[in-house]
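Here is a quick tour for anyone opening this structure for the first time. Have a look at the model below, then read on.

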Amino acid sequence: MNSVLEVEGITKLFRNHRGVKDVSFTASEGEVFGFIGPNGAGKTTVLKIITGLIRPDRGNVRIMGHDIVERFEQAVSHTGCIIETPEAYEYMSARDNLKLSARFYKDLPASRIDEVLEKVGLKPYRNERVRGFSLGMKQRLGLASALLSAPRLVLLDEPTNGLDIEGMADFRSTVRQLADQGITFLISSHLVHDLSLIADRVGVMREGHLISLGREDEWNGAGMSLEQYVTFKLLESKEGEHDAQLIRQSAE
Amino acid sequence: MVIRGPGRVRSEGGRQLPSRDPGFLIHETMEDMMRKKWLSAGAVVGLGAVMLLTSGYSVMANTSGYEAYKSAFTHTKGADSMASHIVWSLSDNGTKVLSGTADMKVNHAKQAMSMTAVVDDGTRTHTMQTYRQDGKMILKSSDSEVYRVMDQAPEWQHDGKTAQMPQAAEQVMEALVGNIKDLATVETGSDGTKEAELHLSGSQIPAVVNAVGSLIASKAGSADGWNHGAAVQGHLPAGHSEWKVNLPKLTDEIKVEQIDLDAKIGKNAALENQSAEILVTGKDAAGAAHVLTLQLNAGFSGYDATTPDRVDLAGKQTEKVDNRWERNGWNRH
Amino acid sequence: MHSLYANLLNETEKLWRQRRTKGFLLLALILPVVTVLLSSLLKMRAGMLFGLEGSLPVAMLHLFTFAIIPLYMAAAAAHSFAGEMAARTMKLVLLRPVTRARAYASKVIAIAVFAALCLGVLWIASTVSAWAVGGPAGGMADSLKAYAASFVPMMAIGLVCVFIAQLFSSGTSALMTIVLIYAAAKALPLLLPQLSAWSVFSYTRWDVLWTGSGAPAGTLLNTFLLLLSYIIMAYAAGLMMFARKQL
């Protein structure tokens, strides 16, 4: 299976010693990859590095084979994302916001905007100014914006924030549906149960390190829920830290 | 860009994975790419800075020409004494309407001055002699035998046109005039003299100058204005025949079209010659177009070596006159 | 290149939607007309009016290049760069397939487009107003030259505004700082006249060197190079800062 996303050894240290340290992983076509970890673990930082918002101190990122530094536009043209909170131009309508985004994609059909608004349930509000949107509506608009260009890789940061139970269920089914069509999802969330319902693989992050990568069959096979698996991995990491250190030293 | 080197070790979650790198190749890191970009951007900024320095210095060098003119002008004003010969004429559509000459000798240190001014209005000439001596101002017009004498206040109060403009005002004027300075050219001749030139036309003429010039031009056509002014200056004692001034009365579309200033600066960094030509266009009440031309040429000489002429009042008719200037001071001008 | 064009359309649309842009262009349209009407209402001699600066178009040009266009560019730059950072909408440009260099270029070009548009509207409005009152129609070529030439110092000032805007994370503080710097720069000739030749803000009346009898070729070249150097430096420095921004 082809790698849609390759992250190699990315490191970014902020002034307060927070950041991400030597994170590497890949994601393949049609995979739903979940990023789990406590707040401040570095999940959002990883997403920002992948999308070019932050420049890492070290490491490489390739999307569909394109290096994001050498060929930024080609790499990003295959992605759609929501990083931190979904933003939009508040003085414009939902539709106009999407029109601005659509301009970057040459071969996008005109009907795509309405199509994607319908998909997230915002069609009746498409001509209303975003200023009047609730948090849930803005989240949906963010998702619509991410899916607009029919990307191969979708990066979502806490995507169910502000959605009600029904909204979350809709979201999960949309993701599953698209993943079955071959779209790769990278979803970062602190809602482990939520992720457990859709993730094929998870990466557990703690204090900037990616301490574990596991497949669904791993925790299911061991009879654990995802929460149990994650907790186990987090605890394990305190002992595993020493070993990990040695391996890193030999790699440098 | 790809650099050969030892294979990269991939680690995932702390476990070492088999290398996927095809045969010892390392991709250029992000940092190297960014470093190159910073260097090229920095180089561009550096190039711009170099360009700024060279062009800035050139601009300053040119402005120094303007400064040279200014210092010559200041030198002239500050000289202890000098003589000047002025020839001027005012024409309307090419016909001379008013012309005159003035020969002046000034000695600031001795507070003395002598001037002979001749005004020609096309039909008659009128000569005026002015002396400043012994603390008095003496005027004699060719129309009469009477020497009119008035007591002269110390120079500083009277010094209407030649008073020092405070430096602040000068700087404000220059700021307002802005890029006009860049239009002045100064050329140094082989004999050490300099030729300064400032030619302004049309929209180059600053608003302030244009407004003032147009106002003067519109008033100039009124004969009353001339007569009043002449009376004040003592040229025209009441009762004498009024001048016939053929200046047109401009009422419409008054505009200063052109100002040409040329100066010659001598080796001693003082003005030798200043000529000016000012064109004002406008229409009179009847709608006829007029082009008023003021031409002026002033030569300066005898720096620090001039003694004004004196007049001996013994045996001559004199008349004491109130010094209007003194009464109203600076505002009179 | 498509991404540059696409974002240019976006930035232009964003600027256009703002009230300040529409107000600014409206001012360029209305001020000449109002000036002409006011002067005839006050029964000022039309001659006196045109006596100012020789013609209405040039009078309007100097008014706009002195304050109005620089103020607009400062506001647009502050909004486009610092303001969008504060409103967190900068993400919306940086997360799309457009490089930082092209995003920056498109924001700069959009501001330039409106500055040029303002000059165009102003020229047309004042030339027509002047002609309507029976003013001198001659000198149109000269005033056109003046307007065209004015674009260069305006661009230089605009790019300096863009550079300064990179230093701030709030639109208001960026704008206030630019305004303060501009006011200080305009006061500079009064305090340190020798330095004023170096300041890019001293060249708002640069068009004067191109009209009438013109300035000597050497002066034209030197002052042009000076303005060009500011354009290059401000653009490159601003780009460097923009590209380094970490969100």
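## Before we start

This is a predicted model, where local features need pLDDT of at least 70, side-chain atom pairs count only at pLDDT 80 or more, and totals for chains, interfaces and linings use all residues. Residues are numbered from 1 along each chain as its sequence is written, chains are lettered from A and ligands numbered from 1 in the order in which they are written, and side-chain values use heavy atoms, with hydrogens and water left out.

## Where chain C meets chain A

Let's begin with chains C and A. Here 29 residues of chain C are in contact with 28 residues of chain A, contact meaning heavy atoms within 4.5 Å. The two chains bury about 2,800 Å² between them, and carbon and sulfur atoms give 53% of that. (Buried area is the accessible area, taken with a 1.4 Å probe, that two parts lose on being put together, summed over both.) Three residues stand out: Leu95(C), Arg96(C) and Pro97(C) supply 25% of the area that chain C buries against chain A, more than any other three residues.

How many salt bridges cross the interface of chain C and chain A? The rule finds five, a salt bridge being a side-chain nitrogen of Lys or Arg within 4 Å of a carboxyl oxygen of Asp or Glu. Arg88(C) and Glu87(A), for instance, meet through their side chains in a salt bridge at 3.1 Å, N to O. There are also 22 residue pairs in polar contact between chain C and chain A, both residues being at pLDDT 80 or more. (A polar contact is a pair of N or O atoms within 3.5 Å; within protein, one must be able to donate a hydrogen and the other to accept it, and residues adjacent in sequence count only if both atoms are side-chain atoms.) On the side of chain C that touches chain A, helix 1 (2–16), helix 5 (91–94), helix 6 (100–132) and helix 9 (217–244) of chain C each supply at least two residues. Helix 1 of chain C gives the largest share, eight residues. (Helices, H or I with at least four residues, and strands, E with at least two, are DSSP runs numbered from the N terminus.) By class, this side has eleven nonpolar, seven polar and eleven charged residues. Here Ala, Val, Leu, Ile, Met, Phe, Trp, Tyr, Cys and Pro count as nonpolar, Asp, Glu, Lys and Arg as charged, and the others, Gly among them, as polar.

## Where chain C meets chain B

Now for the other interface. It takes 46 residues from chain C and 45 residues from chain B, and the buried area is about 3,900 Å², with 67% of it from carbon and sulfur atoms.

Helix 3 (46–51), helix 8 (171–191) and helix 9 of chain C each supply at least two residues of the side that touches chain B. The largest share, 15 residues, comes from helix 9 of chain C. This side of chain C has 26 nonpolar, 15 polar and five charged residues.

## The sheet in chain A

In chain A, six strands form an open sheet in the order 6-7-8-3-9-10, with mixed pairing; two strands pair if DSSP finds at least two bridges between them. Its edge strands are strand 6 (79–82) and strand 10 (209–215) of chain A. Strand 3 (residues 32–36) and strand 9 (residues 201–206) of chain A pair in the parallel sense over four bridges, and Phe35(A) has Gly203(A) as its bridge partner in strand 9 of chain A.

## The sheet in chain B

Chain B has an open sheet of twelve strands, in the order 11-12-13-14-15-5-6-7-8-9-10-16, again with mixed pairing. Strand 11 (185–188) and strand 16 (318–320) of chain B are its edges. Strand 13 (residues 250–265) and strand 14 (residues 271–284) of chain B run antiparallel, joined by twelve bridges. There, Asp252(B) has Lys283(B) as its bridge partner in strand 14 of chain B.

Strand 6 (residues 95–107) and strand 7 (residues 112–120) of chain B are antiparallel too, with nine bridges. Their hairpin has four residues between the strands, and Gln111(B) takes a positive phi near 50° there. Strand 7 of chain B also pairs with strand 8 (residues 125–133) of chain B in the antiparallel sense, over eight bridges. In that hairpin, Gly122(B) takes a positive phi near 100°.

## Salt bridges overall

Over all chains, the count comes to 31 salt bridges. One of them joins Arg62(A) and Glu8(A), whose closest N and O atoms are 2.6 Å apart. Arg62(A) lies in strand 4 (residues 58–63) of chain A and Glu8(A) in strand 1 (residues 3–13) of chain A, so the pair ties together parts that are 54 residues apart in sequence.
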